[in-house]
Amino acid sequence: MPLSGAHGDRVDGRTPDKPGFPNVLTVDVEEYFHPNAMDAAVDPARWDALPSRVEHNTHRVLDLLSEHDVRATFFVLGWVAERLPRLVVEIARLGHEIACHGYAHRLVYRLGPERFRDDVARGKRILEDCIGLRVAGFRAASCSIIDTTLWALDILIEEGFEYDSSIFPVRHDIYGIPGFHRFAVRLRRAAGEIVEIPLSTVHLLGRNWPVAGGGYLRIFPYWITRLSVQRLNRREHAPAIVYVHPWELDIDQPRLPAGAVSRFRHYTNLRRTEARLRRLLGEFTFAPIRDAIHCDDVPLERPTG
Ligand SMILES: [Zn+2]
C-alpha cells in the first residue's frame, strides 16, 4: 500500500484519520553506548569491553511488534551487525525491512566526505552480506546530515541508496535543518536523485517542533505524541515517522558518565518507553518505509526563489 508520502495523496482509498493510514515505524539498532551523546563518556576503543545489551533489547522490540503484528524498518549499525549477524537475519526473517545506520555511529560532520563514504559502504556491505539483499535506506548517526553536510546525500546516491531518513527539520545543537521540507521529497543532486524522508515535526507558532521519536516520545507526555500523529495524519495527510532505539526500553542499562544534558536526553523516562510504544502500536497503523512510502511516487523538490 504505497503512498506518495508527501502531500496528501490517498492511500488505497482510505481516509487518513482512520486506523488504516500507515505511519512509519523505524528502529535504530545500536548499543546503549553508541549514541553520540555518550561520545565524551566512552572511547570507541572500549566498546568491545562493555557489556552488550543490544541483542536482548532488540528482541524485546521484535516481541512487541509481533504482539501487534506490525512490521518496521530497522536501521542497523554495521558494528552491531558484524558482531551479531544472526540478529540481522532474524529481524529480516520476521518480515521487517533492513536499512543501514552506518558502521561506527560517527557524526557526519566530524567524519568528512571520505571517511563518511568508507563508514557507509562498510555498514551497507556487512548488512547485505547478512541478508543477501540490497539495502536501500540510510539513517545517519544522530540525524547528522545538516546544511553543511548535504554532500553526504551525493555519497549515498553513489553508494546505491534509494532513500535517506536523516534530516530533522528543526533547530537543535547536534542536528537539524530548520527550513527543510517536512515531508518526503525527491532531491535532485549532482550525483543523481535520492528520496529524503525527514523525521516528524509539527508546525506550530511559526516553527517546527520535533515529535514522535526517541527522547521526544519519552520526555513529552504521551498525549502530545498522540495528538501530533493525529495532526500529521488528519490535517497534513502524511505519515508520522516514528523512531525508537532498543536501548530506550532498557531500564537497567549501565549508566555512563556523560554530561548533564546528555544524561537527561538519554535516561529520562526509559521506564515509560515500552508502554508508550505499546499504546502507539495499538492506536495507529504502522508499516516499514518500503511499504508506506513508495519512493518512485515521491514528488521532486521544486526549485525555490
Ligand atoms: Zn543512532
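**Close-up 1. Contact between helices H3 and H4 in the predicted model.** Pro85, Val88, Val89 and Ala92 of H3 meet Leu127, Cys130 and Ile131 of H4. Sorted by class, this contact has 7 nonpolar residues, with no polar and no charged ones.

**Close-up 2. Crossing geometry of H3 (residues 85-93) and H4 (residues 108-131).** Two packed helices are described by the angle between their axes and by the distance between those axes. Here the axes of H3 and H4 come within 9 Å and cross at roughly 65 degrees. The crossing of H3 past H4 is right-handed.

**Close-up 3. Burial of strand S1 (residues 22-29).** Of the 8 residues of S1, 8 are buried, so the strand is largely enclosed by the rest of the structure. Pro22, Val24, Thr26 and Asp28 point one way from S1, whereas Asn23, Leu25, Val27 and Val29 point the other way; all are buried.

**Close-up 4. Pairing of S1 with strands S11 and S10.** S11 (residues 285-287) pairs with S1 in the parallel sense over 3 bridges. Phenylalanine 286 of S11 stands opposite asparagine 23. S10 (residues 241-244) also runs parallel to S1 and is joined to that strand by 4 bridges. Isoleucine 241 in S10 is the bridge partner of valine 24.

**Close-up 5. Strand S1, helix H1 and strand S2 as a β-α-β unit.** S1, H1 (residues 54-67) and S2 form a unit that is right-handed. Strands S1 and S2 (residues 73-76) pair in the parallel sense, with 4 bridges between them. Valine 27 has phenylalanine 74 of S2 as its bridge partner.

Key:
Residues numbered from 1 in each chain as written. Predicted model: local features only at pLDDT ≥ 70, side-chain atom pairs only at ≥ 80, totals over all residues. Buried ≥ 20, exposed ≤ 12 C-beta atoms within 10 Å, placed from the backbone. Helix = DSSP H or I, 4+ residues; strand = E, 2+ residues; numbered from the N terminus. Pairing = 2+ DSSP bridges. Right-handed = clockwise from strand over helix to strand, strands pointing away. Axes fitted to C-alpha atoms, helices over the stretch in contact; angles between N-to-C directions. Left-handed = near helix turned anticlockwise from the far one by under 90°. Contact = placed C-beta atoms within 7 Å. Nonpolar A, V, L, I, M, F, W, Y, C, P; charged D, E, K, R; others polar.
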